[in-house]
Amino acid sequence: MSIFSRPTAVNLSDAAIKLKEIISKAASTVTVPESVFQAYIEAAEIMLDDDVATNKAIGSHGANFLQHQQNNSKRLSVLTHCNTGSLATAGYGTALGVIRALHAQGVMERAYCTETRPFNQGSRLTAFELVHEKIPATLIADSAAAALMKEGRVDAVIVGADRVTANGDTANKIGTYSLALCAMHHHIPFYVAAPLTSIDLSLSSGQEIVIEERSAKELLHTRGGLGEQVAASGISVWNPAFDVTPANLIAGIITEKGVITKNDMKDDAFDIKDFIEKATGKSTV
């Protein structure tokens, strides 16, 4: 049995491999085919419960950390990108989970979500979740983020992650790198919210991450490629689905075990391996 998943995100292949191993083990020890199916269902349900618990822990750690960084002095406005909520996870969400937790604690002033072109996950999905949860929220064009920051309306930027390398470089939805650069220019902290399963210690830096490229139709046509053509026929298209934000632009990585911050004693860099070993009590070798 081969395992196929989108190349940039590490969680998809990790979950698929784990389920494959469970199925293979069940198939070798049982005689009734239905037992293999049942083993798969039970494993998937455990993954579901674990993911929701992980996301809620990320939300709690992130909300508490942000309030501490702001000295609990004010309500916070947060900008996020793409969709990292219940529609992207098993439930609750990562970056959106932090926003949910801030709102639940009564300190969320406003959430800003980008439309996230070209497939509009922000306007189609994140905006829906924010409205459904009755969180004060505003949708902006991707290109309006810098102007919003300049006006002083953003206290922090929080995004999700498809893959985080050993040095903290982070692959996420295209446009994330631009937001990080804008945030640094405006002296706004930029955070990544992701479970430990999104961290790939086998890769030393973001240069080793494979970036998926998507169909040209997503840019040539409206509705992320599903609608009418709006671009001139014959124009070339470059449509990477993700970009890599270098670790030096990231203030912290919010996980279910706490927030990974930079070590002043180690050239202001992340020591992710050390954090994971201490948090889990397991060697990463």
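1. For the residue classes used below, Ala, Val, Leu, Ile, Met, Phe, Trp, Tyr, Cys and Pro count as nonpolar, Asp, Glu, Lys and Arg as charged, and the others, Gly among them, as polar. The structure is a predicted model.

2. The largest pocket holds about 1,200 Å³ of space. Its lining comprises 37 residues, and those closest to the pocket centre are Asn11, Leu12, Asp51, Ala88 and Thr89. Elements giving two or more residues to this lining are α1 (10-29), α2 (33-69), α4 (121-132) and β6 (170-173). Helix α2 supplies the largest share, 7 residues.

3. Sorted by class, the lining of the largest pocket contains 17 nonpolar, 12 polar and 8 charged residues.

4. The second largest pocket has a volume of about 240 Å³. Its lining consists of Leu196, Ile199, Leu201, Ile276, Thr280, Lys282, Ser283 and Thr284. By class this gives 4 nonpolar, 3 polar and 1 charged.

5. An open sheet is formed by 4 strands in the order β8-β5-β6-β9, with mixed pairing. The edge positions belong to β8 (199-200) and β9 (242-245); each has a single partner strand, so one side of each is left without a neighbour in the sheet.

6. Strands β6 and β9 run antiparallel and are joined by 4 bridges. Asn172 stands opposite Asp243 of β9.

Key. Residues are numbered from 1 along each chain as its sequence is written. This is a predicted model: local features need pLDDT of at least 70, side-chain atom pairs count only at pLDDT 80 or more; totals for chains, interfaces and linings use all residues. Side-chain values use heavy atoms; hydrogens and water are left out. On a 1 Å grid over the protein atoms alone, a cavity is a set of points where a 1.4 Å probe fits but cannot get out, and a pocket is an open set with protein on both sides within 12 Å along at least five of seven lines; lining residues have an atom within 4 Å of a point. Grid points are joined across faces, edges and corners, and a volume is the space filled by probe spheres set on the points. Two strands pair if DSSP finds at least two bridges between them.
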